[in-house]
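Please keep the sequence and the model in view while reading.

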Amino acid sequence: MSQVLHQLMSVLEDRKINPPPNSYTARLYAGGDAKIGSKITEEAHELVEAAGEVGEQGRRHMIYEASDVIYHLFVMLAHHNISLPEVEAEIGRR
């Protein structure tokens, strides 16, 4: 798995323990499953919409939205103390 994704997960885990003031991530954690889940749903919907766009602009939009989905998914995983190696192991098992 990408080192960037592991770095992101490390930052998210740290922000859970040491929430900086005015942190978007800290606000998500404070909102719990409902807040994080609604963002995952919103971003997944936007990703699906972007998939229907054509050309290079549509491709760039899809990459942008996929990044948002991954970020919010990782926030949910960190919120529940689920590590990236655990997810990697499940993917490997499948």
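Once neighbours within four places in sequence are left aside, Leu77 is in contact with Met9, Ile82 and Val87, where contact means heavy atoms within 4.5 Å. Leu77 has its place in helix α3, and because its relative accessibility is 13%, Leu77 counts as buried; on this scale buried means under 20% relative accessible area, exposed over 50%, and partly exposed in between, with a 1.4 Å probe and protein chains only. The C-alpha atoms of Leu77 and Arg27, which are 50 residues apart along the chain, are separated by 15 Å.

The model is a predicted one, in which local features need pLDDT of at least 70 and side-chain atom pairs count only at pLDDT 80 or more, while totals for chains, interfaces and linings use all residues. Residues are numbered from 1 along each chain as its sequence is written, and side-chain values use heavy atoms, with hydrogens and water left out.

Leu77 also belongs to the largest nonpolar core, a set of 12 residues made up of Met9, Leu12, Leu28, Tyr29, Ile36, Tyr71, Phe74, Val75, Met76, Leu77, Ala78 and Leu84. Such a core is a set of buried Ala, Val, Leu, Ile, Met, Phe, Trp, Tyr and Cys residues joined through side-chain atoms within 4.5 Å. Two or more residues of this core come from each of the elements α1 (3–17), α2 (24–51) and α3 (55–79), and α3 supplies the largest share, namely six residues. In soluble globular proteins, nonpolar side chains tend to be buried together. Val75, again leaving aside neighbours within four places in sequence, is in contact with Leu12, Thr25, Leu28, Tyr29 and Ile36.

How many aromatic pairs does a search of the whole structure find? The search finds one, and because the ring centres of Tyr24 and Tyr71 are 6.2 Å apart and the planes of the rings lie at 20 degrees, the pair is stacked.

The relative accessibility of selected residues is set out here.

| Residue | Relative accessibility | Class |
|---|---|---|
| Tyr24 | 33% | partly exposed |
| Tyr71 | 17% | buried |
| Asn22 | 76% | exposed |
| Asn81 | 62% | exposed |
| Thr41 | 55% | exposed |

Two of these entries also deserve a comment on their backbone. Asn22, in the loop between α1 and α2, has a positive phi of about 60 degrees although it is not a glycine. Asn81, in the loop between α3 and α4 (84–93), likewise is not a glycine and has a positive phi, of about 55 degrees. Most residues other than glycine have a negative phi, and most peptide bonds are trans. Thr41, by contrast, is found in helix α2, and its C-alpha atom is separated by 22 Å from that of Glu13, 28 residues apart along the chain.

For the chain as a whole, the secondary structure comes to four helices and zero strands, in the pattern α-α-α-α when read along the sequence; helices (H or I, at least four residues) and strands (E, at least two) are DSSP runs, numbered from the N terminus. The C-alpha trace spans about 40 × 35 × 20 Å along its principal axes, and of the 94 residues of the chain, 27% count as buried. Among contacts between residues at least 6 apart in sequence, 64% join residues at least 24 apart. The chain exposes about 6200 Å², of which carbon and sulfur atoms supply 59%, the areas coming from the Shrake-Rupley method with a 1.4 Å probe, and for residues only the protein chains shown count as cover.

Key:
Rings of Phe, Tyr and Trp (its six-membered ring) pair if their centres lie within 6.5 Å; planes under 30 degrees apart count as stacked, over 60 as edge-to-face and the rest as tilted.
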